[in-house]
Amino acid sequence: MIAWMRKLRALVVLGSFAILLAGCGKENLSALIPKGYGAQKSMDLIVLTTIVMSFVLLIVVTLLVIVVVRFRKRKGEEDRIPKQVEGSTLLEFIWTSIPIILVLIMAVPTVMAEFNLADDSDSSEHLNINVTANQYWWHFEYEGEEIETSQDLYIPVGEKVYLNLIAKDVIHSFWVPSLAGKLDANPENVNTFFIEAYEEGIYYGKCTELCGPSHSLMDFKVIVVSKEDFEQWKDDMRSFDPEQLELDSVALEGKELYEQNSCMNCHAIGDNSTSIGPNLTNFGNRERFAGILPTTKEALVDWIMDPDQIKEDNKMKTGAYPNFSEQEAEKIAEYLLQLKATSITPDKYRD
Ligand code: CUA
């Protein structure tokens, strides 16, 4: 192949990769658009190291070009031997000390940030949320608030919130790129860190530890609300009594099906909080369910009918509970969608 064609091909491949990767920068799912304390700290370090590295690259490339041009082999000088500088103490000193200084410029702020982000000495003065990672969903328990929920994590804007992570089965990892760095959820020990969001909104969270076939579907949301809305949300969640809900006739039939078919053995609704599967108390308020599905009737019916097909290896196995006809699944879906505990919904915070 002609040389220029080969170059063109390489350029096209690289260009496609660049375009492809540019698509990864989804807003509210990007560490490069920080909206929280931890993420901002990481971003500052990224900027600092990029500046230092660009400086090194610039100097090296400049020197290389100068050397190649100035000291290239010229006609009639084939036998010339350049001046030998071997053993020059000055040069040795310069090219040892400059890298040390550069490494220090990057290392000191990095270690300082590490210590700062790992400091949990003030955790008792702030809101603590116990986060339990399960294959493949997240459970959130607001310490001292008598609130338990799953998949959608509500926190107030501008406040430090401590998360105590633990896993029920295998190792998972909690990451909300826009808000903070990531931390593992281990089965044996509690890992604690904090998040603090600067702006209201809905932020995407991901499990970032390969935890099984549906690892990539183990998404969650952090909904950062105003302080007033957070108080309201807590009040609503605490006082919500699903038995008092005014359900329409279809939803009432769904409720009966739900109760008769022991769905509640795994999914708590109301304050019977020990749950094998996600707590569904405020299901109708949820931004997503099953990690990735929109909270709509169609998606919910598909899920109830055949969860395996959507999320492989999940605990709500097809066959682990009675088979429902489509009409029955629709009634159950209707009931779950009417479980609205609060007026503070993700809709309000969607851009
Ligand atoms: Cu949990 Cu990956």
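## Largest pocket

In this predicted model, helix α6 gives the most to the lining of the largest pocket, with 3 residues. The pocket has a volume of about 690 Å³. It is lined by 36 residues, and the closest to its centre are Cys266, His267, Gly277, Pro278 and Met316. Two elements give two or more residues to this lining: α6 (297-305) and α8.

The class count of the lining is 21 nonpolar, 10 polar and 5 charged residues.

## Helix α6

Helix α6 also has a buried side. Its buried residues are Ala299, Leu300, Val301, Trp303 and Ile304.

## Helix α8 and helix α5

Helix α8 (residues 326-337) also meets helix α5 (residues 249-260): their axes come within 7 Å and cross at roughly 105 degrees. Angles of 65 to 115 degrees count as roughly perpendicular, so α5 is roughly perpendicular to α8. On the α5 side the contact uses Val250, Ala251, Glu253, Gly254, Lys255, Leu257 and Tyr258. On the α8 side it uses Glu328, Lys331, Ile332, Glu334, Tyr335 and Leu336. By class, this contact has 7 nonpolar, 1 polar and 5 charged residues.

## Helices α2 and α3

Helix α2 spans residues 37-70 and helix α3 spans residues 89-118. Their axes come within 10 Å and cross at roughly 175 degrees. The pair is therefore roughly antiparallel. From α2, the contact takes in Tyr37, Gly38, Lys41, Leu45, Leu48, Thr49, Val52, Met53, Phe55 and Val56. From α3 come Leu102, Ile105, Met106, Pro109, Thr110, Ala113, Asn116 and Leu117.

By class, the contact of α2 with α3 has 13 nonpolar, 4 polar and 1 charged residues.

## Loop between α5 and β11

Two residues of this loop are described here. Isoleucine 276 lies in the loop between α5 and β11. Its relative accessible area is 55%, so isoleucine 276 is exposed. Leaving out residues up to four places away in sequence, isoleucine 276 touches Trp137, Asn265 and Cys266. Cys266 is also one of the residues closest to the centre of the largest pocket. Isoleucine 276 and tyrosine 203 are 73 residues apart in sequence, and their C-alpha atoms are 26 Å apart.

Asparagine 282 has its place in the loop between α5 and β11 too. Asparagine 282 is buried, because its relative accessible area is 2% and the cut-off for buried is under 20%. Beyond its neighbours within four places in sequence, asparagine 282 is in contact with Thr149, Met237, Leu339 and Ala341.

## Loop between α8 and α9

Isoleucine 344 sits in the loop between α8 and α9 (346-349). Its relative accessibility is 5%, so isoleucine 344 counts as buried. Not counting residues up to four places away in sequence, isoleucine 344 touches Tyr154, Val225, Asp229, Gln232, Trp233 and Tyr349. Asparagine 323 is 21 residues from isoleucine 344 along the chain, with 34 Å between their C-alpha atoms.

Key. Residues are numbered from 1 along each chain as its sequence is written. This is a predicted model: local features need pLDDT of at least 70, side-chain atom pairs count only at pLDDT 80 or more; totals for chains, interfaces and linings use all residues. Side-chain values use heavy atoms; hydrogens and water are left out. Axes are lines fitted to C-alpha atoms, for helices over the stretch in contact, and angles run from 0 to 180 degrees between N-to-C directions. Helices (H or I, at least four residues) and strands (E, at least two) are DSSP runs, numbered from the N terminus. Angles under 35 degrees count as roughly parallel, over 145 as roughly antiparallel, 65 to 115 as roughly perpendicular and the rest as oblique. Contact means heavy atoms within 4.5 Å. Ala, Val, Leu, Ile, Met, Phe, Trp, Tyr, Cys and Pro count as nonpolar, Asp, Glu, Lys and Arg as charged, and the others, Gly among them, as polar. On a 1 Å grid over the protein atoms alone, a cavity is a set of points where a 1.4 Å probe fits but cannot get out, and a pocket is an open set with protein on both sides within 12 Å along at least five of seven lines; lining residues have an atom within 4 Å of a point. Grid points are joined across faces, edges and corners, and a volume is the space filled by probe spheres set on the points. Buried means under 20% relative accessible area, exposed over 50%, partly exposed in between (1.4 Å probe, protein chains only).
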